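Morning, everyone. Please bring the model up on your screens, and I'll talk you through a cavity and some helix packing.

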Amino acid sequence: MIDCVATFGRNRAPFLLAAAAVGAALVAAPAHKAAAVEMSPAAKAVVDYDKSGAKPGKKYRIAYLTECVDNPYCLARLAGLKAAAAKYGFEFKIFDANFSPATQAKVVENAVTEGFDGYLFGPAAAQPGCGLYNRLLKPTGKPVVSIDIACGDPDYTPGLAATLTMQGPAHFNEAIDTAFASCTGTCSVAAVGGFVGSDLFTYWENAIKEGAKKHPNVKVVVDEPANFDPRIALTKIQSALLAHPDISIIISSWDDMSRGVEQAVIAAGKTPGKDVKIFSGGATKVGVAKVKAGTWAQTTAYLPYQEAYYGAVALMMALEGKPINAYIDEALLPEIVSTTGTIFITKANVDKYEPVY
């Protein structure tokens with residue numbers, strides 16, 4: 001996903017069997033490349049439920065405990081939640097933490113006091129979020145689905161009705177690996193990421209370090225935070241290209257930031273896609289268009305709309321007594337499996353992918 005600290009689903013008897021298998025065996029490492037050709041059992045359970053036409057037994061009230069609502073990623077996620085609410089007839093109330101773990105603690109307390117049937121929880125940060133779950137949400141006995149960032153654990157935290165993520169360490173590791181693997185000979189690389197101190201920035205930085213170890217022919221000469229802001233990315237990459245005119249690969253964790261990267265490349269008298277390869281994240285409408293045009297080499301798909309939509313479906317299942325109690329890697333949702341088969345959108349598969357934000 002985009003890190004919202006700046007910022008980032010669709011029978012019954014078959015499901016009962018699938019759910020048993022899901023609960024016992026689905027806390028597994030995510031698969032992203034060749035293995036991402038069929039849905040995981042957890043993803044299939046939610047997708048099948050959504051397709052079944054099942055209707056809730058009552059009108060539920062849900063608290064949407066979100067880290068953000070006012071950037072492209074979080075607005076797309078809110079749109080997914082609204083679509084699920086329209087289909088399943090539930091009401092939801094937004095509790096926005098505005099990227100602050102401290103604020104989130106207060107709004108979660110307020111939500112628990114108001115009393116809801118269930119909670120869709122986007123932690124502002126992993127460890128504090130997990131603390132809020134254990135201290136405030138779990139004692140309510142109501143189902144909780146976490147999205148975007150796992151609650152302190154690598155993927156699924158026992159007790160949650162479900163967890164859905166798209167920007168975990170494994171996702172970033174593979175994104176960086178594909179970028180560095182594109183280097184023939186030796187390459188100088190510049191990187192721009194999100195906010196220092198955020199979980200997703202830490203995942204991003206660790207992935208860059210691991211990628212550099214795996215690909216010794218790649219030298220990361222500049223690695224800077226750009227706060228998901230295209231203007232900051234423009235400035236950082238302009239300086240990078242002045243100091244290191246041999247930079248041939250630039251990696252960015254967000255398509256909007258990558259717009260600034262592209263401008264900096266052009267301002268340096270270089271041709272994006274020819275002199276400098278740009279690897280981005282988001283697979284937004286802008287990013288997909290840039291890949292299709294050959295300007296960017298790749299953008300990694302994030303699914304904020306589906307994240308909230310299927311997260312809400314998983315919550316409906318739990319409220320109806322059919323929780324999956326498992327991790328859903330969004331890379332194994334039908335929007336990926338049935339189109340490109342991979343979260344990495346390139347010139348070779350871009351015509352198969354349709355962005356929704």
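By class, the lining of the largest cavity splits into nine nonpolar, seven polar and no charged residues. Classes first: Ala, Val, Leu, Ile, Met, Phe, Trp, Tyr, Cys and Pro count as nonpolar, Asp, Glu, Lys and Arg as charged, and the others, Gly among them, as polar. A cavity here is a set of points, on a 1 Å grid over the protein atoms alone, where a 1.4 Å probe fits but cannot get out; lining residues have an atom within 4 Å of a point.

Some ground rules. This is a predicted model, with local features needing pLDDT of at least 70 and side-chain atom pairs counting only at pLDDT 80 or more, while totals for chains, interfaces and linings use all residues. Numbering runs from 1 along each chain as its sequence is written, and side-chain values use heavy atoms, with hydrogens and water left out.

Back to the cavity. It holds about 120 Å³ of space, a volume being the space filled by probe spheres set on the grid points, which are joined across faces, edges and corners. Its lining has 16 residues, and Ala175, Ile176, Trp204, Ser280 and Thr300 lie nearest the centre. Which elements give two or more residues to this lining? Helix 6, strand 8 (247-252), strand 9 (277-282) and strand 10 (298-301). Helices (H or I, at least four residues) and strands (E, at least two) are DSSP runs, numbered from the N terminus. Helix 6 gives the largest share, five residues.

So, helix 6 next. Helix 6 (residues 169-181) and helix 7 (residues 199-214) have axes that come within 8 Å and cross at roughly 40°. Axes are lines fitted to C-alpha atoms, for helices over the stretch in contact, and angles run from 0 to 180 degrees between N-to-C directions. The two helices are therefore oblique to each other; under 35 degrees counts as roughly parallel, over 145 as roughly antiparallel, 65 to 115 as roughly perpendicular, and the rest as oblique. On the helix 6 side, the contact (heavy atoms within 4.5 Å) includes Phe172, Ile176 and Phe180. Helix 7 brings, among them, Tyr203, Trp204 and Ile208. The contact divides into ten nonpolar, two polar and two charged residues.

Second pair. Helix 4 (residues 101-114) and helix 5 (residues 126-137) pack at about 20°, axes 11 Å apart. They are therefore roughly parallel.

Last pair. Helix 8 (residues 230-243) and helix 9 (residues 255-267) pack at about 35°, with axes 7 Å apart.

Technical notes
On a 1 Å grid over the protein atoms alone, a cavity is a set of points where a 1.4 Å probe fits but cannot get out, and a pocket is an open set with protein on both sides within 12 Å along at least five of seven lines; lining residues have an atom within 4 Å of a point.
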